[in-house]
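Subject: A structure for you to explore

Hi there,

Here is the structure I promised to pass on. Please open it next to this email and follow along as you read.

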Amino acid sequence: MNTAPARNDEPSIVDVTRTDDTRIGAVRALISPALLLEEQPAPERALEVVARARQQIGDVLHGRDDRLLVVVGPCSIHDHDQAMDYARRLSAVRDELRSDLLVVMRVYFEKPRTTVGWKGYINDPRLDGSFHMNEGLRLARQLLLDVNGLGLPAGTEFLDLLSPQYISDLIAWGAIGARTTESQSHRQLASGLSCPVGFKNGTDGGIKVASDAVLAARSAHAFMGMTKMGMAAIFETRGNEDCHVILRGGKVPNYDAASVNAACEGLAASGLREQVMIDFSHANSSKKYERQIDVGRDVAGQIAGGDARITGVMIESHLQPGRQDLLEGQTKADLRPGVSITDACLGWTQTEPLLRDLAAAVRTRRELRHRPAAN
C-alpha cells in the first residue's frame with residue numbers, strides 16, 4: 001500500500017469547478033417534454049389537422065397538388081389573445097380560398113438575434129428578461145393547441161435544438177433560418193422531423209447552402225439529443241424527403257423571374273426538384289414591410305404566367321402594420337395591440353387582398369395548364 005503523502009501541487013481531491021461551468025451563473029430545472037405533453041395533450045382533432053396538413057404540403061412539394069402553400073402570420077408571437085384574433089381571421093379566409101391556397105399560420109416562438117435582444121415567447125414570455133422558459137413552453141403549446149383547434153395548421157422556425165420535443169407534434173411545416181441553414185445540427189434535426197421543412201438561402205443570397213441542406217436532410221443521420229423523458233440519447237433518423245428551398249433574398253432580392261430561374265437551375269444541378277418557396281419579407285423586401293405587397297404582385301404575376309416551380313410563399317403579417325420597440329421597463333399593457341415587437345409586418349387589411357391576389361394567380365395558372373394547345 002502506498003502511504004506516501006500527497007505532494008502539495010497534486011491535491012488528492014480535484015475541484016472540477018476550476019475548469020467546468022466557470023461562466024455559468026445559474027442552472028434551473030426544465031420541465032421534461034413528456035410531462036408537458038401529459039399536462040397539455042393534443043386532442044384527436046388537432047392531430048388530424050396536423051397530419052392532414054403535412055400530407056397536403058407533401059403533395060404540393062411533390063407535384064401532386066397544384067395549390068400554393070402560403071405560410072403567413074406574425075414575425076414572432078408575443079401575445080396569446082392577439083395571436084388568436086389573427087388566427088380566427090386567417091382561418092375564415094383559408095376556408096374561403098382553400099381550393100387555390102394551402103394556408104398555414106406562421107407561429108414563431110423563437111427569434112434569432114444578430115447580437116442581442118428579446119429571444120422570443122418561449123425564452124422570455126413575460127418580455128421582461130425574467131426567462132420563465134417553463135412558462136413559455138406551456139404558453140407556446142397552449143397557443144398551438146388553440147390554433148389547431150380552429151382547424152388551422154401552424155408552421156414555425158426550429159431554432160433551438162431541444163424545443164421541438166415540446167411542440168413538434170403540433171407543427172405542420174417547419175423552417176430553418178438563413179443563419180442556421182448551414183448548421184450541421186439543424187440539418188440533422190430536419191432529417192428526423194415528422195413535418196416538411198424549408199431551408200432559407202444563406203444571408204448572402206446564394207442557394208448552395210440551402211440546396212446542400214436539403215440534400216443533407218434527405219439522408220439518414222445519427223446524433224445526440226434529448227428524449228421526451230428528458231434523457232440524453234442517440235437518435236438515428238431515416239431522412240426527410242419533404243424538404244425544400246426558401247428564397248429570402250441576400251445582398252439583393254431574389255424573388256424575380258431571373259432569380260427563380262437561376263435558383264431552379266442550381267437545384268437541378270444538385271439533383272433536386274426545381275421548386276422554390278419565396279419569402280416576401282426580409283431581404284426580398286429590403287426590410288421595408290410595405291414592399292411585401294410589391295413582391296407579392298411580382299410573384300403572383302409569375303404564377304399567373306404559368307410558373308409551376310413556385311410552390312409556396314411566406315408573408316410576415318399581423319393585426320396592425322409596422323413594428324414597435326420593446327423598451328426596458330415596459331409591460332405588455334404598454335404595447336400597442338396587434339403590432340409586432342420584432343420585424344415589421346403587413347397589417348391584416350393589407351394581407352387579405354394579397355391572399356386573394358395569390359389565389360387568383362393560382363386559378364389562372366391552373367387554367368393555362370388545362371387549356372387545350374393551339375393547333
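A word first on "buried": a residue is called buried under 20% relative accessible area, exposed over 50%, and partly exposed in between, using a 1.4 Å probe and protein chains only. Helices (H or I, at least four residues) and strands (E, at least two) are DSSP runs, numbered from the N terminus.

This is a predicted model, in which local features need pLDDT of at least 70, side-chain atom pairs count only at pLDDT 80 or more, and totals for chains, interfaces and linings use all residues. Residues are numbered from 1 along each chain as its sequence is written, and side-chain values use heavy atoms, leaving out hydrogens and water.

**Helix 4**

Which residues of helix 4 are buried? They are Gly136, Leu137, Ala140, Arg141, Leu143, Leu144, Leu145, Val147 and Asn148. Their cover includes helix 1 (33-39), helix 2 (44-61), helix 3 (80-96), strand 2 (101-106), strand 3 (154-157) and helix 5 (164-167). (The expected span is 1.5 Å times one less than the number of residues.) After helix 4 comes glycine 151, with a positive phi near 85°.

Phenylalanine 131 sits in the loop between strand 2 and helix 4. Its relative accessibility is 34%, so it counts as partly exposed.

**A hairpin**

Strand 6 (residues 222-226) and strand 7 (residues 232-236) run antiparallel and are joined by 5 bridges; two strands pair if DSSP finds at least two bridges between them. Look for alanine 222 opposite glutamate 236 in strand 7. Between the strands of this hairpin are 5 residues, and glycine 230 has a positive phi near 85°.

**Two buried residues**

Threonine 181 is in the loop between strand 4 (173-176) and helix 6 (184-192). Is threonine 181 buried or exposed? It is buried, because its relative accessible area is 0%. Leaving aside residues up to four places away in sequence, threonine 181 touches Ile176, Arg187, Phe199, Lys200, Val209, Ala210 and Ala213, where contact means heavy atoms within 4.5 Å.

Cysteine 264 belongs to helix 8 (residues 257-269) and is also buried, with a relative accessible area of 0%.

Enjoy exploring!

Best wishes
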